[in-house]
Amino acid sequence: MRPMLRVEKLLLPALGLVALAFVYPAAELLGRSFTEPPGGFSHYQDVFGSSSLMTIVGRSALTAALVMAVSLLLGFPVAWLAANSSPRVAKLILGVVAASLFVSVIVRGYSWLAILDRNGVLNTVLGAIGLESMQRTLVHNRAGVVIGMSQYGIPFMILPLYDVMSRFDNRLLAASANLGARQWTTFWRVYVPLILPGIGAGCTIVFIATLGYYVLPSILGGPGDVMIGELIADKIQTTGDWGQGTALASVLLAVALLFFVAFYRFSLRGREGSS
Amino acid sequence: MRASDRARNWALGIWSAAALLFLFIPVFLIVLFSFNDNKGRFNFTWQGFTLDHWKEPFRDPDLAKAMENSLLIAAVTTVAAVLLGTLLAVALTRYRFRGQGAAGFFVFLPMATPEVVLGASLLAMFLVAGIDTGFWTIVIAHVMFTVSYVVVTVRARLEGMDPYIEEAAQDLGAGVWTTFFKVTLPMIAPGVVAAAVLAAAISIDDYVVTSFNAGQTQTFPLYIFGATRQGVPPEVNVLGTMLLVGVLLLMGLNLAVQKALARRDRAVVEEPPSQPPTPAVPAAGPSAVAG
């Protein structure tokens, strides 16, 4: 064992920064939600008592859950393909995934506008191949929000999934088949349970990242698609309503942390215990 | 292979291709529309090919200034976050101490918090402390939430590395810092570079946290989000494409350097011909792919 002091030297700056720039400000935020006049639980009573605010909270959670499901549905086969292809193909697939990750999210939002708008690329293509009946306006509504946010979320789903899948021992599938299990049974009873940490990590990242995010909804959504993040930003930055703003932010933080702690206990701790 | 297997593989392939297309199409159109001979305020319909926007990407002085700020903030953020994050990652993987689990959990927290909460909290603190928001408050915010990503990335690299090599160096008389700089750092370098690229990319792209703590300072995301109402110039597509190409070049360079180093290491190990057929030290070259 090495002397304690040296370890603390390595730890202090980074943890000090997180304490000073995250924990302390978060405490400040929480405190302010109780001390802003009229104080006490009044702002929480306002928030939970207002059906319009609760609609926005519910809408945000529902949208995040939907985006998480779409990202899993579209990301799962891509991660599987990358994990079960030759290194060259895997690199190509992960390259496309990474490229989409490193393009400005706002610029991507504008790109979706150009694609999905009434006179956009998609409808032009559909018209050109004689499918006018399928033309839809997919922006300034919930569909646009889910499409844009899913494109944002999928890479965050694929990367942890790929990480777990590429370390999966495929002989287990053969063993399961040899023991008489059908493919479907093998998939659900052998494969899915063993890659569950990857699914958990991907879902947690996507859910938390989309829950409070509001840039894409504000570009791609309509007037009825305001999300909780936009509401908080609006209350604090524009109207200066720190009471409700901090109360809403505290609720959002609590939901995200609950989700994260559940995931952390369920998967990460197990992994650390085994190493 | 049975017919049902083949059908399943085909279905999976088509499904994956559709998903990749879904990821790729908006990116492709950003690049394509940077060549659009756009006349209106919005660059949303194709009007013909032109190279004009690429000739003068910094025509708009506000956009140029915003981009300059973003690059500067990303540079400072990356250096600070990589420095702090790498040290913490080393402490978490190479030492055993009380509160280690808690420290590991603690550093994850900013990653697990919605950005709007991070931004609002910091603004609340800066206001109470009487600090004017601007360039440096943005940097503080960015370092705080990119440091988690650095720790995760570097830690993954460290965990895949044999700790006995470092112990061997220390047994041979190298001090703690010599071991770190001559042994640990070269071996985790690909992970550190990957973390740096990630931190820079996150910093350059951040809107939400920045919008709370920017004061009068404009950044690239703040500028283009603010332009939603007045119109988005096509130069935005050019700059977006440039950033993407820059990041991809850095990632490619990282891979190429790793490969070259691995080849050199193999050559060094295999060179001495007088050695008996089983070398005493197995090839220590980093053979892993990307970090």
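Student: What are the helix content and the end-to-end C-alpha distance of residues 238-257 of chain B?
Tutor: This is a predicted model. An unreviewed UniProt entry lists residues 238-257 of chain B among its transmembrane regions. The span has 0% strand and is 100% helix, and its end C-alpha atoms are 28 Å apart.

Student: How far apart are the end C-alpha atoms of residues 12-35 of chain B?
Tutor: Residues 12-35 of chain B are also listed by UniProt as a transmembrane region, in an unreviewed entry. The span is 92% helix with 0% strand, and the distance between its end C-alpha atoms is 35 Å.

Student: Which residues of chain A does UniProt list for the ABC transmembrane type-1 domain, and how far apart are the span's ends?
Tutor: The listing comes from an unreviewed UniProt entry and covers residues 57-263 of chain A. That span is 78% helix and 0% strand, with end C-alpha atoms separated by 22 Å.

Student: How many helices and strands does chain A have?
Tutor: Read along the sequence, the pattern of chain A is α-α-α-α-α-α-α-α-α-α-α-α. The C-alpha trace of chain A spans about 70 × 70 × 35 Å along its principal axes. The secondary structure count for chain A is 12 helices and 0 strands.

Student: Which domains are assigned in chain A, and how far apart are their C-alpha centres?
Tutor: The assignment gives domain 1 as residues 1-35 and domain 2 as residues 43-274 of chain A. The contact takes 6 residues from domain 1 of chain A and 9 residues from domain 2 of chain A. The C-alpha centres of domain 1 and domain 2 of chain A lie 30 Å apart.

Student: How many salt bridges and polar contacts cross the interface of domain 1 and domain 2 of chain A?
Tutor: By class, the side of domain 1 of chain A that touches domain 2 of chain A has 4 nonpolar, 1 polar and 1 charged residues. The salt-bridge count across this interface is 0. Residue pairs in polar contact, both at pLDDT 80 or more, number 2.

Student: What area is buried between chain A and chain B?
Tutor: The contact takes 82 residues from chain A and 80 residues from chain B. Carbon and sulfur atoms give 81% of the buried area, which is about 7300 Å².

Student: Which helix gives the most residues to the side of chain A that touches chain B?
Tutor: Between chain A and chain B there are 0 salt bridges, and 9 residue pairs are in polar contact, both at pLDDT 80 or more. The residues on the chain A side divide into 63 nonpolar, 11 polar and 8 charged. With 21 residues, the one that gives the most is helix α1 (residues 4-35) of chain A.

Student: Which peptide bond in chain A is cis?
Tutor: Pro38(A) lies in the loop between α1 and α2 (42-49) of chain A. With omega near 5°, the cis bond runs from Pro37(A) to Pro38(A).

Student: What is phi of His140(A)?
Tutor: His140(A) sits in the loop between α6 (121-128) and α7 (142-165) of chain A. Its phi is positive in a residue other than glycine, near 65°.

Definitions and conventions:
Residues are numbered from 1 along each chain as its sequence is written. Chains are lettered from A and ligands numbered from 1 in the order in which they are written. This is a predicted model: local features need pLDDT of at least 70, side-chain atom pairs count only at pLDDT 80 or more; totals for chains, interfaces and linings use all residues. Side-chain values use heavy atoms; hydrogens and water are left out. UniProt positions are given in the numbering used here, feature names are shortened, and annotations may be inferred rather than shown by experiment. Helices (H or I, at least four residues) and strands (E, at least two) are DSSP runs, numbered from the N terminus. Domain bounds come from an automatic or database domain assignment. Contact means heavy atoms within 4.5 Å. A salt bridge is a side-chain nitrogen of Lys or Arg within 4 Å of a carboxyl oxygen of Asp or Glu. A polar contact is a pair of N or O atoms within 3.5 Å; within protein, one must be able to donate a hydrogen and the other to accept it, and residues adjacent in sequence count only if both atoms are side-chain atoms. Ala, Val, Leu, Ile, Met, Phe, Trp, Tyr, Cys and Pro count as nonpolar, Asp, Glu, Lys and Arg as charged, and the others, Gly among them, as polar. Buried area is the accessible area (1.4 Å probe) that two parts lose on being put together, summed over both.
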